[in-house]
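Please read this report with the sequence and the structure side by side.

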Amino acid sequence: MQTSRMCLFLSLQWCCFLILGTHQLQPSQTQVLLQLRKQLEYPKQLQIWGPAIDLCFSSSPRVNITCQENTVTEITIFGDSLQTRPTSFNGFPNSYQTLSRNFSMDSLIATLSRLNTLKSLSLVSLGIWGPIPDKIHRLQSLVYLDLSWNFMYGSIPSTISRIANLETLKLDGNFLNGTLPDSFDSFSKLTSLSLSNNLFSGPLPSSLQRVNSLNDINLSDNGISGELFDLGRLSNLHWLDLSNNRLDSSLASMPEFVTVVLLKNNTFSGGIPEQYGRLSRLRQLDLSFNALTEMGPAGIFALPNISSLDFGSNLLSGSVPMDLRCGDELEFVDISNNRLTGNLPSCLRSNTKKRVVKIGGNCLSIDIEHQHSETYCSEKHSDNEKSSRGKNNLGILIGVISGIGVVILILGFGFLVLCRKFCSQGSSEQHLLHKTVQDNSVTGGFTAEILTNATKLGSQGSPPYRLFVLDELKVATNNFDKSTSMGEGSNGKIYKGRLESGAHVAIRCLAVSRKYTIRNLKLRLDLLARIRHPHLACLLGHCIDNEGNDEVGANNVYLVYEYVPNGNYRARLSETNPEKVLRWSDRLSILIGIAKAVHFLHTGIIPGFNSNRLKANNILLNEHRMGKLSDYGLSVVAQEIEKDKEEDGLKSWQMKSLDDDIYSFGCILLESLIGPSVCARKESFLLNEMVSLGNTEGQRRIVDPTVLASSSQESLSIVVSLTINCISPESSTRPSFEDVLWNLQYAAQVQATSDDVDNKSGKTLVSP
């Protein structure tokens, strides 16, 4: 009996020794982890790390170290939160979002390479910045690599393909750019590739076709263009997300066992392949916001596992087969905003508890109140047929010309002579188009390449841009009745309208110079139409009056915007109702949103818009007090807008040399601090009272009492200093918009911290 107890005791001791010994890190491994903490600049998640701590037992929800046989095999560190991704990053660190200038990606990789048994590395949302170094291949033992939501830029080095055992590669939410490397087929074990929310451009690398081990691919929210090639060979692929790119080919074949295909917001054309009707394991298919014209196989709706089909906002025409059947698992169908006609099969006619069906914006014979007239779809369909015939004729013409080389040489020579003749006389329409744009546009020439590169950021979830007819707008505004007028500015009258769909819109009637031809004007409107941002009032479409008269040009352009219902910022600054008054934190939130929008207009599109008529009454508020900038980019269409500057009293005090977006935003900041009353005495204030704003005593006398009562002194001082810098008489001393945005976000962070402290202590902010 005693012998048995002794054996049991020794066995337990031996097990304890094995367990503890397994996780007792080698001193060199501990040293590497402490060095990693230093290089990441001591994030608070790692504060408990120290020489006396067994790091293998110091895990938390955001930090995990896995050890095996005295060495580290896994490092997982998540930052405080996945921050809202800024629209741009210039490659220079800032203290609010990134690690400091002392940080080095080279040093980080060199340190991690000393952990030669490291298999899994996740460093997410830690402010890591810089290009991925070529020495990344030194992490040879990695199986899982996740560096998402940081500030890495540049291209992915080709040496990364030398990490032979890599199975998962995640670099989402960075600023990586250039073309994707064409060496993915070097990863013989790669199962998951996720590079979404970056700035990649160019075509999909053909090497992806040869990575048969891939289970999921996510390349969404980039600028990838060109053709989608046949993916049928990727027999293990289950998830594909190429949403929000610029792919512009026809749809390609998919792997037999794919379950999720997300291709929304590209420019795919043609029809949906018949092969999609045989994807028996497909659960979700999203082809919305493309240019597809043919519905494709009815069998898609009856696939055994299909639960979601989204074909919304395409150019689908014709009727849906009445014998179409829906699968038992189908829960969501969106065929809205197409050009479908006729009736619908019974399984798509209405919503049920089991299935949601969206059909509005077509020309169907049911749900009439949400449909267009049949002429709308027939006219559009006719246009498509003409375009298709034109393309076919062009193909035939090219075939004929390529067969008779002698004739094409003669025609080419004759065309060259005619071209020179017309160009010398100044009557070439194409020449006039480019000349007008180059000579007369405030923002420079807008070529086809520029229009192609103009961003579509934020278009996800926004209504698609479309053309309106004048009769439609007359109905929406009761023939532009005075009761629908919302006011008149230097850029024409604004009306509130209600479309046939029931949506409220704001319609601006814009007078445009006759020097613009119709083609030129459409080119400019095309650029304006591509601008999408959450803090910009969304431009839904336009109507050109006398559109058929190409020789004369347009008299009026009607721009149709989303209706933002909660008034403008200047009016809300004057509000005295305690329930509607804007506290300091509210004002900061609105200002940050507008600053993001302007920064996007400067840097997020090509070419940038640098003169956006920033005024407090051009900031509209929605029902959630979210600020949206209106009247942006109108100089692209109409340039005679000096009258509006005179209304603000800015023409004196050398305003012509100071009137840029930074200065104008500084004036909005000033109104936010002092109130709209400063507008009536702006010149006097700038000359006589601006100095007082910089000291505490002056702030008590000048600043809006609501601001004083709801702000902390530190937060207020940050914005006061920013305001003074923005409206500096010397434009060279003003901050960049990136600096403006950073300071506002920092002021909001300081204010939020102060509010939290006061809420916990039961205090209420009062005037200092």
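## The protein as a whole

Of the 768 residues in the protein, 48% are buried. The model is a predicted one. It contains 19 helices and 32 strands.

The accessible surface of the protein is about 36300 Å². Carbon and sulfur atoms account for 52% of that surface. Contacts can also be sorted by how far apart the partners lie in the sequence. Among contacts between residues at least 6 apart in sequence, 58% join residues at least 24 apart.

## Helices α2 and α3

Helix α2 covers residues 27-39, and helix α3 covers residues 105-112. Their axes come within 10 Å and cross at roughly 165°. Angles over 145 degrees count as roughly antiparallel, so α2 and α3 are roughly antiparallel to each other. The crossing in which α2 passes α3 is left-handed.

Which residues of α2 and α3 make the contact? From α2 they are V32, Q35, L36 and Q39, and from α3 they are S107, L108, T111 and L112. By class, the residues of this contact of α2 with α3 are four nonpolar, four polar and no charged.

## Helices α11 and α14

A second pair is formed by helix α11, residues 584-603, and helix α14, residues 661-674. The two helices pack at an angle of about 170°, and their axes are 11 Å apart. The cut-off for roughly antiparallel is again over 145 degrees, and α11 and α14 are therefore roughly antiparallel to each other.

On the α11 side, the contact is made by W584, R587, L591, I594, A595, V598 and H602. On the α14 side, it is made by D661, F665, I668, L669, S672 and L673. Sorted by class, the contact of α11 with α14 has nine nonpolar, two polar and two charged residues.

## Two residues with positive phi

E41 is a residue other than glycine, and its phi has a positive value, near 65°. Where does E41 lie? It is in the loop between α2 and β1, the strand at 63-68. The relative accessible area of E41 is 30%.

D367 is not a glycine either, and its phi is positive, at about 50°. This residue is found in the loop between β24 (363-364) and α4 (374-403). D367 has a relative accessibility of 28% and counts as partly exposed.

## Loop residues that are buried

Is S183 buried or exposed? With a relative accessible area of 17%, S183 is buried, because buried means under 20%. S183 is found in the loop between β8 (175-179) and β9 (192-194). Leaving aside neighbours within four places in sequence, S183 is in contact with S158, S161 and S207.

L634 is found in the loop between β32 (627-629) and α12 (642-647). It is buried, with a relative accessible area of 1%. L634 and S611 are 23 residues apart in sequence, and their C-alpha atoms are 9.1 Å apart in space.

N165 lies in the loop between β6 (151-154) and β7 (168-170). Its relative accessible area is 32%, and N165 is partly exposed. Along the chain, N165 and L142 are 23 residues apart, while their C-alpha atoms are separated by 6.5 Å. Which residues is N165 in contact with, leaving aside its neighbours within four places in sequence? They are Q140, L142, V143 and K189.

G277 is found in the loop between β16 (269-271) and β17 (284-286). The C-alpha atoms of G277 and G296 are separated by 8.3 Å, and these two residues are 19 apart along the chain. If its neighbours within four places in sequence are left aside, G277 is in contact with P297, G299, I300 and L303.

Technical notes. Residues numbered from 1 in each chain as written. Predicted model: local features only at pLDDT ≥ 70, side-chain atom pairs only at ≥ 80, totals over all residues. Heavy atoms only, no water. Helix = DSSP H or I, 4+ residues; strand = E, 2+ residues; numbered from the N terminus. Buried < 20%, exposed > 50% of the residue type's maximum accessible area, 1.4 Å probe, protein only. Contact = heavy atoms within 4.5 Å. Areas by Shrake-Rupley, 256 points an atom, 1.4 Å probe, with all protein chains shown as cover. Axes fitted to C-alpha atoms, helices over the stretch in contact; angles between N-to-C directions. Parallel < 35°, antiparallel > 145°, perpendicular 65-115°, else oblique. Left-handed = near helix turned anticlockwise from the far one by under 90°. Nonpolar A, V, L, I, M, F, W, Y, C, P; charged D, E, K, R; others polar.
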